Amino acid sequence: MTNIRITNETNQNLDDFEDLIKSIVILALKKENQNENAEVDITIVTDETIREINAKYRNKDTVTDVLSFPMFDFETSSIPKIGIYMLGDIMFSIDAAKRQSLEYNHSLKREIGFFIAHSMLHLLGYDHETKEDEDIMTKKQEEILSEIKLFR
């Protein structure tokens, strides 16, 4: 059973998005045929907080939309096939989600869904350092979002 902890560090009521977030985490694990006994921590923050975290952990003193902190280095280890394990942490800025949903002309729900799907793929070992890797990740993100019925 997947254990998903969602912490809202903003002063905004975001309870309406909790079921969506949980559904995407579980779906990403299923689609990747992973042990679903994962623990994932998701923290919702403001632009100011995510800038501080980005500066501290990535040496980039800028606002970003979402950060992923995987617990596994897939080049040297893999997710356990049995038992409960910590997959990683996701942190996203609700300010960035609102801004980008307007910029891309889709719903806030879709933008938050994108953040979670994208981050889950990072936690599961994907990246977008090359065009080929980016294409793979984009396809997988869209498959997850389409299954949840979150379209652009």
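At what angle do helix α1 and helix α4 pack, and how far apart are their axes? I started my notebook with that one.

**Ground rules.** I am working with a predicted model, where local features need pLDDT of at least 70, side-chain atom pairs count only at pLDDT 80 or more, and totals for chains, interfaces and linings use all residues. Numbering runs from 1 along each chain as its sequence is written, and side-chain values use heavy atoms, with hydrogens and water left out.

**Entry 1, the helix pair.** I found α1 (residues 18-31) and α4 (residues 108-123) packed at about 35 degrees, with axes 9 Å apart. Helices here are DSSP runs (H or I, at least four residues) and strands are E runs of at least two, numbered from the N terminus. The axes are lines fitted to C-alpha atoms over the stretch in contact, and angles run from 0 to 180 degrees between N-to-C directions. I then looked up who touches whom, taking contact as heavy atoms within 4.5 Å. From α1 come Leu20, Ile21, Ile24, Val25, Ala28 and Leu29, and from α4 come Lys109, Ile112, Gly113, Ile116, Ala117 and Met120.

Next I looked for nonpolar cores: sets of buried Ala, Val, Leu, Ile, Met, Phe, Trp, Tyr and Cys residues joined through side-chain atoms within 4.5 Å. Buried means under 20% relative accessible area, exposed over 50%, and partly exposed in between (1.4 Å probe, protein chains only). The largest core has 38 residues, and Ile21, Ile112, Ile116 and Met120 are among those with the most contacts inside it. I noted that α4 gives the most to this core, with 9 residues. A second, separate core of 5 residues includes Ile50, Ile53, Leu67 and Met91.

Neighbours within four places in sequence aside, its contacts include Leu29, Phe72, Met120 and Leu124.

I counted 5 aromatic pairs in the whole structure. Rings of Phe, Tyr and Trp (its six-membered ring) pair if their centres lie within 6.5 Å; planes under 30 degrees apart are stacked, over 60 edge-to-face, and the rest tilted. Phe72 and Phe74 have ring centres 6.2 Å apart and planes at 50 degrees, so I logged the pair as tilted. Phe72 is buried at 17% relative accessible area, while Phe74 is partly exposed at 31%.

Is Asn54 buried or exposed? Buried, at 1% relative accessibility. Asn54 sits in helix α2 (residues 47-58), and, neighbours within four places aside, it contacts Asn59, Lys60, Thr62, Thr64 and Leu67.
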